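Student: I have a model open and would like to talk it through with you. Could we go step by step?

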Amino acid sequence: MEPDLTDISRRLKKYGALPVASPVVRDVLRSIDRESASFEQTATQIERDPDLSLQILRSANSLTSSFTGRVHTVLQAVKLLGFSTTKALVLSAVLLDRSKVHAGIPELWSHSQIVSLNARILARHLGFPWEEEARTAGLLHDIGKVFFYEEFPEFYQQAFQLGDSPQAVPDWKREREVFGVDHSFVGNRLIQEFGMPRILSDPVLFLHDPPAELLFPQLTQVLIVADQMAVAMGFGSPEFEFVEPVFVDALHRLGLGAGDLKILLAEAHSRSAMVEILSL
Amino acid sequence: MSRMIKIDLEAAPEGVVIAQDIKDNLGRLLVKSPRALDADLKRVLLLRGIREVLVQDNSRKSREELDMMLEKEKESVRKRFSKLSDSPEKEQIIRLFVQALEEYAGEQNLKAP
């Protein structure tokens with residue numbers, strides 16, 4: 001039976017209630033959500049779980065070390081990443097760990113890390129004040145795909161085989177045709193259910209066909225450019241490995257010309273090497 | 001023969017081969033080389049305060065191999081833009097991506113043997 005919107009909604013409701021079995025993860029998320037959250041307390045909570053600590057350290061080194069030098073302690077990592085990126089990493093770690101057996105997950109994680117890196121480079125280049133939000137939104141922008149990969153693996157097995165062929169159709173289009181909604185819609189819902197702010201969930205919703213009026217127009221366009229740059233650099237998703245026309249439009253909207261793109265690409269290439277090395 | 005490189009243990013991927021015996025501060029042998037790094041061993045070493053390990057670097061490629069990889073990647077870049085309508089702007093963007101790739105590869109090539 002083909003899944004319909006009611007079925008997707010029912011599955012999503014179950015899925016959104018994260019099975020946070022680890023008390024450490026639960027405590028970390030609670031600690032970050034408190035108004036009085038402190039870096040020290042959050043780091044101490046994370047350090048109770050060696051696997052989570054290693055994951056946070058590895059991600060912090062991938063995402064920040066090319067800007068700041070090596071990160072050696074969890075406290076350093078949390079301070080450098082900020083609360084929202086740390087929370088995004090913890091949530092991603094839980095979701096990705098749960099679904100690591102599914103095809104496409106390692107590629108998705110590499111893609112998300114490169115998009116996060118690109119988004120930060122872009123935000124910094126353009127002088128926008130929300131570098132951390134850009135980085136976090138980059139990490140989370142395809143989180144809806146984890147849901148789809150896990151719930152409908154056969155659908156993606158087919159898509160993976162065609163991903164780089166001339167017949168390939170953008171993932172979001174195929175998802176809308178088959179499921180009625182796409183991974184951006186699901187990602188937006190999940191990010192909201194994780195209690196993260198609209199500055200992170202809204203841009204994710206409009207990544208593939210942004211309407212004329214947007215609540216966070218610049219961050220959305222930054223994310224679009226970051227996403228498509230990652231695809232062009234060879235860090236796309238396995239189900240569709242082509243740059244989409246929305247890329248050129250987003251470059252125009254951000255006022256990015258050839259000179260800007262040259263600078264951004266040079267930086268993105270050198271920094272992405274660090275992510276590749278650490279993701280081996 | 002592959003050379004040896006020193007890398008941060010926390011960032012070391014599983015499967016790399018530890019190329020030198022690892023001892024703790026008191027000189028006690030923790031790991032006899034050669035030995036492949038796995039998650040458990042990594043955790044134990046980190047808990048023992050080991051921060052860096054010497055591993056075999058099998059990633060070093062010859063200049064010819066790098067040139068071939070670069071040509072292949074340049075073709076892939078063009079292919080990734082193939083779903084965009086043809087226009088001078090598209091060509092310019094592709095050129096920028098290819099140029100960035102060449103420059104980056106050029107820097108890496110200088111380090112190749």
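Tutor: One term to begin with: helices (H or I, at least four residues) and strands (E, at least two) are DSSP runs, numbered from the N terminus. This is a predicted model, in which local features need pLDDT of at least 70, side-chain atom pairs count only at pLDDT 80 or more, and totals for chains, interfaces and linings use all residues. Residues are numbered from 1 along each chain as its sequence is written, chains are lettered from A and ligands numbered from 1 in the order in which they are written, and side-chain values use heavy atoms, with hydrogens and water left out.

Student: Where is Pro34(B) found?

Tutor: Look at the peptide bond from Ser33(B) to Pro34(B), which is cis with omega near -5°. As for its place in chain B, Pro34(B) sits in the loop between β4 (29-31) and β5 (35-36).

Student: How much area do chain A and chain B bury between them?

Tutor: The size of an interface is often given as the accessible area lost when the parts come together. Here buried area is the accessible area (1.4 Å probe) that two parts lose on being put together, summed over both. Contact (heavy atoms within 4.5 Å) takes 38 residues from chain A and 26 residues from chain B. Of the buried area, 63% is on carbon and sulfur atoms, and the total is about 2,700 Å².

Student: Which residue of chain A forms a salt bridge with Lys79(B)?

Tutor: A salt bridge is a side-chain nitrogen of Lys or Arg within 4 Å of a carboxyl oxygen of Asp or Glu. Between chain A and chain B the count is two salt bridges. In the one formed by Lys79(B), the closest N and O atoms are 3.8 Å apart, and the partner is Asp164(A).

Student: Which helix gives the largest share of the side of chain A that touches chain B?

Tutor: Four helices of chain A each supply at least two residues of that side: α4 (50-68), α13 (217-232), α14 (246-253) and α15 (258-279). The largest share is eight residues, and it comes from α15(A).

Student: By how much of a helix are Asp7(A) and Arg11(A) separated?

Tutor: Their side chains meet in a salt bridge (3.2 Å, N to O). Because they are four residues apart in helix α1 (residues 5-16) of chain A, Asp7(A) and Arg11(A) are separated by about one helical turn.
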